[in-house]
Amino acid sequence: AIWNLGSINADMVYALPHLPAPGETLAASGLQRFLGGKGANMSVAAARAGAHVRHIGAVGSDGLWARDRLTEYGVDTRHIAQVDQPTGHAIIAVDAQGENLIILFPGANHAIGADQVSAALTDSDTGDLLVFQNETTAQVEAAKLGRERGLTVCYAAAPFSAPAVQAVLPYLDFLILNEVEAAQLQQATGLAPADLPVEHVIVTLGSKGARYHQRGQVAAEFPAHKVKAVDTTGAGDTFTGYVLAGMDRGMPMAQAITQANRAAALMVMRPGTADVIPDLKEVREAALD
Ligand code: ADP
């Protein structure tokens, strides 16, 4: 199974004629609400890829729909707590040109305590995967506990913070980050991806694909598929969810990455995030060059 200590957000997308200026009051012509948050996206992606995913997280009383939607998408939500805080949300203003402005409020995602994580992980088995990202509290405690319990500890270093990565680095078996984040980490630590003290490191390269470093081995490149990109949001989370699902199934890493590149390529071709992540059948059958 995959244990995901992950953020759950309501993405509130407001359509506006232009982005508001300081002091301006502006009426939106439309509002759409989507399930979001890197954590929720990864849970949905891994579940769509066929994995058994147990999400550890928190929502407020205004976010029960988000928990229900995760359940509908096949994610085990019994370890998502309801807390006395607003559900994490993003207020996303989008103008007619597609330019955006985002206000992110972590809310309930920052009300997850180490006790909640440790209570959930008492159900874990040696060999399970634990993943987390930098959008919740209790990251270091989870990483330590995962290590102690013999889980494969995985971290997606986004949104990037050098101190956050450095705090969990000693406990990681697997680190995934994009090219910009890899450069920021190298800046902070002086270590290139190949030199990090982590068994598996994947650097995603956007339209160039991904690079995999296994400790002590020559890096392997996995070129991306050539597609028309219309919306890259959620591509990285989809990629990560698919890699994790492959690892959890015991696939060789090369095969897991190949499948993740296919899933992420489909994802960039469509607008939307969690609600449109492709399932394994689509990923296997899609004609991609
Ligand atoms: P993030 O969105 O987290 O910054 P990347 O931009 O590196 O991550 O993209 C993650 C993955 O999504 C890539 O490794 C690749 O598989 C896929 N991807 C992203 N952009 C494209 C694109 N333009 N064409 C094809 N695949 C893409």
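Select the shell around the ligand and colour it by class: ten residues are nonpolar, nine are polar and none is charged. Here Ala, Val, Leu, Ile, Met, Phe, Trp, Tyr, Cys and Pro count as nonpolar, Asp, Glu, Lys and Arg as charged, and the others, Gly among them, as polar. The model is predicted: local features need pLDDT of at least 70, side-chain atom pairs count only at pLDDT 80 or more, and totals for chains, interfaces and linings use all residues. Numbering starts from 1 along each chain as its sequence is written.

In total 19 residues surround the ligand, each with its C-beta atom, placed from the backbone, within 6 Å of it.

Next, show helix 7 (235-248) and helix 8 (253-268); each supplies at least two shell residues. Helices are DSSP runs of H or I, at least four residues long, numbered from the N terminus. Which helix gives the most to the shell? Helix 8 does, with four residues.

Now select V117. Leaving aside neighbours within four places in sequence, V117 is in contact (C-beta atoms, placed from the backbone, within 7 Å) with L5, I56, I112, A138, E141, A142 and L145.

Finally, zoom out to the C-alpha trace, which spans about 55 × 45 × 40 Å along its principal axes. Across the chain, 66% of the contacts between residues at least 6 apart in sequence join residues at least 24 apart.

Technical notes: Contact = placed C-beta atoms within 7 Å.
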